[in-house]
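Please give a short briefing on the structure shown below.

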Amino acid sequence: VKNTRLLAVTTPSLDAQQVRNGREAFARMGFSREECKLMDYEESFYYYIFTQKKDLWNRNIAWYSFDGNDVTYRNFEMKNTEKNVQIRLSEPQYTVLPVEGPVRDAAFARFIRETIKGEFISSVHLNGEGFDQEWAGESIKLMCFQRRKVFYGNNLYARGACASGVEKTEEKNLKNYRFMSSSLVTHSVGMDMRVNGANAFHPLLEAGINWFECSGGCELILDRAEELIFSVSDGVEKWKISMELPGVPKRPNKTTRLSLHMEYVSKDECVITVKDLGFGDLFPSTGKIWKERTNWLKGEAEA
């Protein structure tokens, strides 16, 4: 552990159980959460591509993924915004290839024409079991058209996971780029509070982070309130969502201290946990805990 800067693990997709299992495994191995990174194949492939030489990704990138006779096509699209360059994967397109060589080559060549069409492509990447240069003569010529670079390998996800570790711990060349993966949290959440005697907005959750890396919290003191009010934004609209605290201890005003913790359990669902911390020796904690699950949509919450 002491000689490892970061442990990166990539898997086809991630759900809450996989994240819990991964973190438990990391902890048993002696790694802290900051020393580990979980990602799905989409994100690891992004790191593999965008840590290569820039002339390989200065335009769109074509990606063909083979699974035997099944082929999936997607491309990486880049969009400049005021804050950063946003990179997202297009919707997948699918085809099934025949088994025989010459017919297989013709079918894949047809799929290439349908997917790449007249797009400006910097490079083409293929991975998975099912592609072979022995049968793909016409297809390779099409992919190499206009001097496009073509790459094939079955370790691209693993190489991308390694590249993410180098990017996170050393190089940080992609700080102005944001991969808009399907795992990103889409809502920013905070609370209006009084901080050091002044009204202020306190951010808790930030949009644009993978759900399994997104958590937040704070300690606060209630001021004539028996509920928490969260301010939610999707980048266009803002709205309020309240969390009731039934049975909150009856104490003098500003003597009820609470801990607030928020953590996503999926891309759309966040669990809010509130604990009564008491108020020093004057008012010991009751040990009371409130929990609520929400997806931050207007009026959507489940206690």
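Buried means under 20% relative accessible area, with a 1.4 Å probe and protein chains only.

This is a predicted model, in which local features need pLDDT of at least 70, side-chain atom pairs count only at pLDDT 80 or more, and totals for chains, interfaces and linings use all residues. Residues are numbered from 1 along each chain as its sequence is written, and side-chain values use heavy atoms, leaving out hydrogens and water.

**Strand pairing**
- E12 pairs with strand E15 (residues 257-264) in the antiparallel sense over seven bridges; pairing requires at least two DSSP bridges between the strands.
- Ile221 has Arg257 of E15 as its bridge partner.

**Helix H2**
- Nine of the 10 residues of helix H2 (residues 41-50) are buried.
- Among them are Glu42, Glu43, Phe45 and Ile49.

**H2 against H5**
- H2 packs on helix H5 (residues 156-171) at an angle of about 70°, and their axes are 7 Å apart.
- The two helices are therefore roughly perpendicular, a term for angles of 65 to 115 degrees.
- Contact (heavy atoms within 4.5 Å) involves residues of H2 including Tyr41 and Tyr48, and residues of H5 including Leu156 and Glu167.
- By class, this contact has eight nonpolar, three polar and two charged residues.

Terms used: Buried < 20%, exposed > 50% of the residue type's maximum accessible area, 1.4 Å probe, protein only. Helix = DSSP H or I, 4+ residues; strand = E, 2+ residues; numbered from the N terminus. Axes fitted to C-alpha atoms, helices over the stretch in contact; angles between N-to-C directions. Parallel < 35°, antiparallel > 145°, perpendicular 65-115°, else oblique. Nonpolar A, V, L, I, M, F, W, Y, C, P; charged D, E, K, R; others polar.
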